[in-house]
Amino acid sequence: MNFDIDGLFLIGIGYLMLLFAIAYAAERQLLPDRLIRHPLIYVLSLGVYASSFAVYGAVGFAQHYGYAFLNYYLGISAAMVLLPILLTPLHRICKTYRLNSLADLLSFRFRSQLVGSLATLFLAASIWPLLAIQIRTFADSTSMLSSSGHLAFKGFHFKELSAFGFCIIITLFTILFGSRSLTYKDSHRGLVVGLAFESAVKLIAMLLIGAAAVWSIFGGLDEMQAWLTSRPEVLQALTTNTQADAHRLMLVMFFAAAVCMPHLFHMLFTENPESDNLHTASWGMPLYLLLISLPILPILWAGQAVGLTMPSDYFTLGVPLHIDNPFLVIAAYIGGMSAASGVIIVATLALASMCLNHLVLPVYRPPGQEVNIYRWLLWTRQLLICAIILVAFLFYEMVPEQETLTDLLMISLTGGAQFLPAVVAVLYWPSANRTGFISGLSTGFVVWFIGLLLPMLAGIESIFSGPLNIFSLAAEQHWITVAATSLTLNAAVFVLVSLISDTPAEERSAAEACTLDDLNRPSRAALNLQDARQMKLRLQQVLGESAANQEFHRALEELKLKESETRPYALRRIRDRIEVNLSSLIGPSSARRVIDRTLPYTENIMGESEDINFIEERLEHYQSHLTGLAADLDSLRRYHRETLENLPIGVCALGQDQEILLWNMSMSDTTRITGSDITGSHLSGLPSAWAGLLQDFFISEDLHWSKRSIDTDRGLRWLNLHKTESGIMGRDELIVVVEDVTENQLLENELTHQERLASIGRLAAGVAHEIGNPVTGIASLAQNLRYDTDNPESLETASQIIKQTQRITTIVRSLVNFAHTGREDPTQAIEPVHIRASVDEALQLLNLDSTAHKVHFNNDCDDSIWVTGDTQRLLQVFINILSNARDASPLDGTITICANADQERAHITVTDQGHGIDSTLKDQIFEPFFTTKEPGKGTGLGLALVYSIIRDLRGEISIESPVTERGVGTRLHIYLPIIEPQQ
């Protein structure tokens with residue numbers, strides 16, 4: 001059965017156009033989002049692992065190596081089994097630091113551009129044999145199906161032309177699939193959906209051909225079993241073709257391919273936005289490989305049964321040709337082409353990104369600042385795609401025809417497996433260093449190149465197929481010896497050199513960032529910046545204005561920070577985020593160079609002081625990933641952190657550069673500055689009063705300060721300050737404890753004042769007795785004068801003298817009464833108190849203060865009201881209330897005191913014409929130390945004392961404000977039990 005070349009061309013172009021249309025529809029969200037983001041779509045996209053080798057070469061693999069062909073499917077399945085300890089940690093690292101390739105990962109871990117460049121070169125050398133397989137299978141299958149191919153098969157002219165045409169078409173589609181524009185998205189959703197479709201196509205094609213092999217060639221499963229029973233040598237060959245050691249080595253190599261080959265690394269980590277997808281892939285991918293592997297042996301047996309003369313690598317195409325079923329032939333052709341195109345597209349995209357980041361950018365930068373760096377990167381990447389596929393075509397041309405697909409695959413996998421020791425070290429060996437890695441990788445690749453690649457390209461016998469054949473294998477299986485030798489030497493040199501050489505501090509820091517169940521703990525270094533805007537200006541010098549602005553604002557948006565940010569902690573986070581984002585564009589090494597040059601730290605970035613705030617933040621996001629002892633330790637950390645936050649005393653931690661590392665809730669209550677606003681700032685970022693106090697205490701040699709005053713927006717405050725003598729756990733930081741003793745200080749002041757008043761009261765009582773005798777004498781003389789003369793003027797003078805002496809006596813008696821403290825037990829205060837008289841006495845005392853501004857008092861109390869109380873204590877109540885009302889009233893204002901009574905209680909009101917009290921403060925007006933007066937003009941204890949006295953007298957007190965429609969005035973309501981006066 002032959003097909004016209006034009007027909008095959010249209011079939012191929014039509015299929016690729018369909019593939020691109022699906023990808024385009026996914027990118028433009030023309031397909032349902034639920035479908036695009038379904039985890040099974042991602043699982044099917046991983047089917048890119050099953051390259052055209054899985055469609056064609058796997059049959060030849062089974063013929064030559066027997067059941068060992070299953071290692072092709074078991075290797076990546078084993079990687080899925082190790083999901084928690086291998087794939088998930090790698091995914092976390094790649095997503096956290098925007099590492100898009102294995103070269104990026106190794107360059108980040110070993111902090112070396114040379115590492116990234118060598119990894120890129122060696123990975124390119126490893127992947128080209130695999131790309132050659134894809135080109136060869138397409139060219140061979142096209143040649144077998146077309147009449148032109150049969151005519152020119154011997155001269156290879158048609159195959160070369162079809163292979164070159166295929167490369168041109170795939171180059172175009174690779175650019176369209178993944179390099180039409182630069183994107184910051186976690187994945188190319190169109191590419192993922194397109195690969196999922198091609199995986200479904202080749203799976204369906206393989207299942208259909210397998211079914212045809214069973215039912216069309218053998219007639220059914222029973223008939224196939226009967227055929228196998230009659231030919232026991234067929235089954236025996238499957239078990240004897242490969243040694244046990246080779247079986248295990250193959251499994252290791254296919255396992256390594258899952259994380260080391262560029263196209264698989266790209267799909268597992270770069271194109272995977274969610275780690276949850278890996279959990280679905282852990283069972284979905286093995287299931288997919290199981291299904292696609294089922295037809296391999298039936299196809300092999302069917303080809304042997306009908307005596308196909310073509311190489312067994314192409315039995316998948318030969319069986320449909322033998323059946324003469326055009327539909328199955330086209331299905332096999334499209335399945336192989338679909339698999340080949342998927343691998344080339346993904347591998348080329350991954351390799352182009354690595355070449356750009358680690359080969360081009362280190363030696364060539366965009367000329368001038370005015371160049372649009374994004375456009376330059378895009379065009380460069382597209383040129384690299386063309387160059388990579390061109391090299392792959394030239395490699396295909398150089399490969400001798402006698403090399404089987406299995407030989408090419410093993411050469412490719414052996415090269416890729418050289419990175420397995422480094423991948424394991426990234427996660428589990430922090431002591432590994434770049435010197436050991438470069439030495440081990442170079443040793444392994446030299447063995448690989450001499451033992452496999454060079455003999456294949458030069459057409460000579462490998463040195464490992466002769467005396468160095470340590471496994472005594474057949475000549476065509478000498479790759480097993482090369483693989484074992486190269487991997488062993490690679491790992492041994494890697495370990496040995498790492499042990500005997502020093503690991504730089506920056507590598508140790510990167511190792512901590514990559515080690516499983518560990519977090520990056522960056523140093524708390526300083527930036528020579530005043531605010532975040534300066535970052536943008538400095539970046540413009542390297543990236544140009546447009547790119548710098550875009551990267552700067554992108555970092556701010558991701559971190560939810562403002563352009564005016566000045567906190568050192570925030571500036572470090574913005575810097576690190578810009579570096580991470582640039583890593584996704586130009587690779588970690590180039591990004592690090594750009595950032596270190598434009599935004600350098602002023603102190604050693606690898607210092608001893610770690611950024612504790614960053615660690616806390618990362619732990620909050622990482623909590624769900626912690627298990628076992630790590631989870632218990634995190635719970636303990638949270639407990640102690642919560643305890644520290646809720647301590648009833650202010651605590652703050654300061655670095656030696658005066659950066660604020662901790663600011664607990666009590667500190668926020670004391671300063672009225674929230675921790676989220678100030679943590680990570682410099683002390684100078686605090687309001688001037690607090691900044692000055694804490695900075696002075698920070699540099700002071702004293703460990704304790706007592707009763708230091710500070711003038712704040714809340715008035716004068718008194719504080720006790722304490723600090724640690726040295727750092728904690730060897731850190732260059734100290735803890736400052738701030739105790740607000742304002743209430744105690746005010747209470748002490750009030751007690752002192754009360755003691756002074758008591759002293760004055762005692763003095764007044766003594767003075768009253770001393771004044772009383774002369775006043776009594778003067779009054780007696782004035783009385784006598786009234787009887788000794790009839791002179792009207794003298795009589796009037798005597799009356800005035802008597803009147804004034806009575807006034808002196810009243811004032812002195814009031815002072816003596818006020819000096820008395822009242823009864824010690826207020827519950828015994830059962831004496832009747834005349835309200836109007838008590839108010840008059842309070843007014844008389846208030847009028848003695850000549851310095852107070854003048855107001856008018858109206859005593860409108862009912863003269864018949866008597867209450868149960870204590871005369872001295874109620875006098876103190878009225879003095880405090882009326883004094884506050886006078887202070888709140890305007891000049892010449894009026895204060896009215898009214899008293900009415902019902903059958904049980906007296907209702908006393910004091911109304912002023914002041915500015916009133918804010919409704920939000922009414923609940924606090926009777927609290928101790930609360931005052932609305934200016935600092936120094938009130939202690940906040942007067943109304944608290946009034947409230948206490950009224951409560952002791954079994955009364956009630958409340959406040960009403962405002963009392964007029966204009967929103968002014970305050971009225972105080974007092975309720976006291978009434979009592980009948982004794983007759």
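Lysine 202 and glutamate 198 form a salt bridge, their closest N and O atoms being 3.4 Å apart; the term covers a side-chain nitrogen of Lys or Arg within 4 Å of a carboxyl oxygen of Asp or Glu. The model is predicted, so local features need pLDDT of at least 70 and side-chain atom pairs count only at pLDDT 80 or more, while totals for chains, interfaces and linings use all residues. Residues are numbered from 1 along each chain as its sequence is written, and side-chain values use heavy atoms, with hydrogens and water left out.

Because lysine 202 and glutamate 198 are four residues apart in helix 11 (residues 189–218), about one helical turn separates them. Helices (H or I, at least four residues) and strands (E, at least two) are DSSP runs, numbered from the N terminus. Both lysine 202 and glutamate 198 are buried, where buried means under 20% relative accessible area, exposed over 50% and partly exposed in between (1.4 Å probe, protein chains only).

The whole structure holds 18 salt bridges. One of them joins arginine 434 to glutamate 507, with the closest N and O atoms 3.3 Å apart. This pair links distant parts of the chain, 73 residues apart, with arginine 434 in helix 23 and glutamate 507 in helix 25 (residues 505–514). Glutamate 507 is buried, at a relative accessible area of 0%. Another salt bridge is between glutamate 956 and arginine 905 (3.5 Å, N to O). Glutamate 956 belongs to strand 11 (residues 956–960) and arginine 905 to strand 10 (residues 905–912), so the pair ties together parts 51 residues apart in sequence. Glutamate 956 is partly exposed at 46%, and arginine 905 is partly exposed at 32%. Salt bridges also link Arg98, Glu551, Arg554, Glu558 and Arg577 in a network.

Aromatic contacts come next. The search of the whole structure finds 26 aromatic pairs. Rings of Phe, Tyr and Trp (its six-membered ring) pair if their centres lie within 6.5 Å; planes under 30 degrees apart count as stacked, over 60 as edge-to-face and the rest as tilted. Tyrosine 56 and tyrosine 314 make a tilted pair, because their ring centres are 5.5 Å apart and their planes stand at 45 degrees. Tyrosine 56 lies in helix 4 (residues 52–65) and tyrosine 314 in the loop between helix 17 (296–306) and helix 18 (315–323), so the pair ties together parts that are 258 residues apart in sequence. Tyrosine 56 is buried at 1% relative accessible area, and tyrosine 314 is buried at 4%. For tryptophan 429 and phenylalanine 494, the centres are 5.7 Å apart and the planes at 65 degrees, so this pair is edge-to-face.

Five strands form an open sheet in the order 2-1-5-4-3, with antiparallel pairing; two strands pair if DSSP finds at least two bridges between them. Strand 2 (660–663) and strand 3 (704–712) stand at the edges with a single partner strand each, so one side of each has no neighbour in the sheet. From one strand to the next, the twist averages 25 degrees; axes are lines fitted to C-alpha atoms, for helices over the stretch in contact, and angles run from 0 to 180 degrees between N-to-C directions. Strand 4 (residues 715–723) and strand 5 (residues 733–740) pair in the antiparallel sense over five bridges, and asparagine 720 stands opposite glutamate 739 in strand 5.
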